[in-house]
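Some notes on the model shown here, for a colleague.

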Amino acid sequence: MKQKQIKRAFLPALLALLCLLCACMGEKKEAPAIKTQHSIQGKELGKAESLILEESDFAYSVHYPVIEMPEPDGLIAEQAQQFVQLFEEQTRDYKAKKEENRAAMNADYRIYAVQPQQNNALQPRYASIIFTVNTVIPLQDINAEQVFTLLLDLESGKALQVDDVFSGDWKTVVSEKLQEYFKSNRLYDGLWDTPNFREKLSASSGNFTRFSVANDAINFYFDKGELFDKDTGDTAVLTLDALKSVLKIDLHEVPAPTVTKQSVPNKPKGKGGVIALSYDDGPSDQATPRILDLLEENNAKASFFVLGTRLPGREDIVRRAISLGCEIANHSYDHKILTRVSDKDLRFEVDKTNELIQEITGRECLLFRVPGGSYKNIEKKINMPIILWSIDTNDWRVKAAGSKPANDPERIKAVNKVVDSVLNNVRDGDIVLMHDLYSVTADASEKMIPELIKMGYRLVTVEELFEIKGKSLEKAGVYTSAR
């Protein structure tokens, strides 16, 4: 009797297991997807062209920029064709047999224009292109991600190699700086004492050939597993100052005229002066690139107070902001109200985001903004300058209007409300609070930024604002403006 009861109790579980197995066996795997569009939606140098082919056994998509300059465009197109040729060689005799086994290759790019010339900083001297190539060939157990770079001199139309950019004993200097970069970054603690790390960061011939340049930094790229036993590749950011002893070409941006306390009075008559636009809670995939486009078009800067949780996968947006001269500052890891958390959690919220910012930008994070503006009795625990604001646009209150069409009266009213909150109240030395999560904020920025410039305001970062005004930013200090 007891044995029958056990069998009866076991039978439903066995049937459930068999159903689960059958469901799993019948579940259809999806073939690797082909990305039919260039992934970066913000403004870039040139326009995207694509090579796309889909067959039953394999498929590929290669996106590359066309900048309407014959020689550089020829070099870029040649690189794109090489990706196709390599993939075709890998899959020459490949038979997928099933749809989910189809081989796929996706190549996409980022492009940065550097060292603007004197003519209103509109014409770049160099173009730095970073291609990321993802290849999946299921029946050959290939799942690879590789980075390729191309640096073009737009005056000569030539591709620059490492020896065109660096001079002297540059390999030794770069080796030392890269090792210092990784060893000093706590995100790599315990990872760097490996043969791969020592070999790939040694001053050997063939190392350090994949890099991109910006106005104030050089980025070095390493493929997945090349340095560390990780599922992602790594990027090291070295400042131009760190490499100036071995740089052969001048990558510094043509400086804007120096602004002093005398040339920008603290209390100007009428309109005009210097202010800082600041954006919280980003980066976001849609609004932040739009705002960066506007800043670039208007030769303006802003400060972005980012959340640590929103940084993974958006590193390119952050690096673009840095390349435009914008500031990346800390707004905590996941927006906890820090006056309500333990000391241990507070330190995590501050330190983790600082580490992520430094890993992405190669720079120490200098400024902090407390979530919700709540800082009472925790200033010394944060131990960074705490930046608040003098103008609150309350853009978050009208964010829902962003779901309406652009010409919808409700959306137009919401945008104008944000714009008016700034234009009707702004004064020299102000810090403006917005959020780069919302389309309404991007719409408002589109109207606001050109108007502020017409009113005589120069748009700078928070750090620059205080420097121009001759005011220091002290750790544990709280600041609402530079007035």
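1. S175 belongs to helix α4; helices (H or I, at least four residues) and strands (E, at least two) are DSSP runs numbered from the N terminus. The model is predicted: local features need pLDDT of at least 70 and side-chain atom pairs pLDDT 80 or more, while totals for chains, interfaces and linings use all residues. Residues are numbered from 1 along each chain as its sequence is written, and side-chain values use heavy atoms, without hydrogens and water.

2. S175 counts as buried because its relative accessibility is 6%; buried means under 20% relative accessible area, exposed over 50%, partly exposed in between (1.4 Å probe, protein chains only). Beyond its neighbours within four places in sequence, S175 is in contact (heavy atoms within 4.5 Å) with L201, S202, A203 and F208.

3. Other buried residues of α4 include W170, V173 and L178. Among the elements covering the buried residues of α4 are α5 (195-200), β8 (217-222) and α9 (343-361).

4. Three strands form an open antiparallel sheet in the order β7-β8-β9. β7 (211-213) and β9 are at the edges with a single partner strand each, so one side of each has no neighbour in the sheet. Strands pair if DSSP finds at least two bridges between them; β7 and β8 have three. F220 in β8 is the bridge partner of F211.
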